[in-house]
Every structure is written in C-alpha cells, then in structure tokens.
Amino acid sequence: MSDNFPTRADYNEPGSIEMEVHELVMRFASGGRFRLVAMLYMRPSEPPKVGGQWPRILFAEYVNDGHKVPILFGTEALPGEAYEAFPDDQIVVIPIPPEQAARDLERAARELIDA
C-alpha cells in the first residue's frame, strides 16, 4: 500500500474493476450487483471480509441534503451502517454474475421467511 492512500495497484483482485461511485449507483439501480473490495484514495480503505470474501454491496443511493451530493452505500459486513462518498470517488468492486446474485437474493429471502 502506498505511504499516503491506497491506489488501484494495491487491490488487483481477480475479476475486480475500478469505477466512480456515481457509476456504482447507476449500475446498482439497473440490477448490477457487486462486492466491495476497496475505496481508493481514502482511509479506511477496505471493508471487513464476510466469510473470507469481500462483502456484497446492499444498497447505493444519492442523498439530497442541500450540499454537494453525497452517495451512501452499505455492505453486508456492516449492517445498519453506510459509507459516504462523493460521485467522483473511486472504488474497486468485483461484479457478481446475475445468476449468483439471484441465488443470493433467494437464499436471503428464505432466511427472512424462516426467521
């Protein structure tokens, strides 16, 4: 990791891609699902892993508070909490294939029904 802030070179996970947070919001809204690997150029930079894997992103949305538009996104690693980022902040994610995302959603729904 660099002396100041993490860069893309610090998180070269197989299948990972770098994008701006506003792109995450657009892709998430259109059905894309991702695992969060790292937030670049900021600290803390990476979320805790869940079951040995990078956590799934559960939501990504704009927040309108009258100031520069921040974006909130949350992961399964920290339920009830959210990361705040600006649209041009950089993140590294791993896309989840649609069939796996559907299976994960079905499993989560069954767990809620069974609880």
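In this predicted model, the side chains of Arg56 and Glu76 are joined by a polar contact of 2.7 Å. Arg56 sits in the loop between strand 2 and strand 3. If you set aside the neighbours of Arg56 within four places in sequence, you will find Arg56 in contact with Phe34, Arg35, Gly74, Thr75, Glu76, Ile96 and Asp104.

Several of these names come back when we turn to the largest pocket. Arg56 is one of the residues that line it, and so are Phe34, Ile96 and Asp104. The rest of the lining is made up of Phe28, Arg33, Ile57, Leu58, Ala101, Leu105 and Ala108. Strand 2 (33-39), strand 3 (57-62) and helix 2 (98-114) are the elements that each give two or more residues to this lining. Which of them gives the most to the lining? That is helix 2, with 4 residues. The space in the largest pocket comes to about 220 Å³.

| Charged residue | Ring | Distance from the ring centre |
|---|---|---|
| Arg33 | Phe28 | 3.9 Å |
| Lys49 | Trp54 | 4.5 Å |

The Arg33 row leads back to the pocket: Arg33 lies over the face of Phe28, and both Arg33 and Phe28 belong to the lining of the largest pocket.

How values were computed: Residues are numbered from 1 along each chain as its sequence is written. This is a predicted model: local features need pLDDT of at least 70, side-chain atom pairs count only at pLDDT 80 or more; totals for chains, interfaces and linings use all residues. Side-chain values use heavy atoms; hydrogens and water are left out. On a 1 Å grid over the protein atoms alone, a cavity is a set of points where a 1.4 Å probe fits but cannot get out, and a pocket is an open set with protein on both sides within 12 Å along at least five of seven lines; lining residues have an atom within 4 Å of a point. Grid points are joined across faces, edges and corners, and a volume is the space filled by probe spheres set on the points. A charge sits over a ring if NZ of Lys or CZ of Arg is within 6 Å of the ring centre and within 35 degrees of the ring normal. A polar contact is a pair of N or O atoms within 3.5 Å; within protein, one must be able to donate a hydrogen and the other to accept it, and residues adjacent in sequence count only if both atoms are side-chain atoms. Contact means heavy atoms within 4.5 Å.
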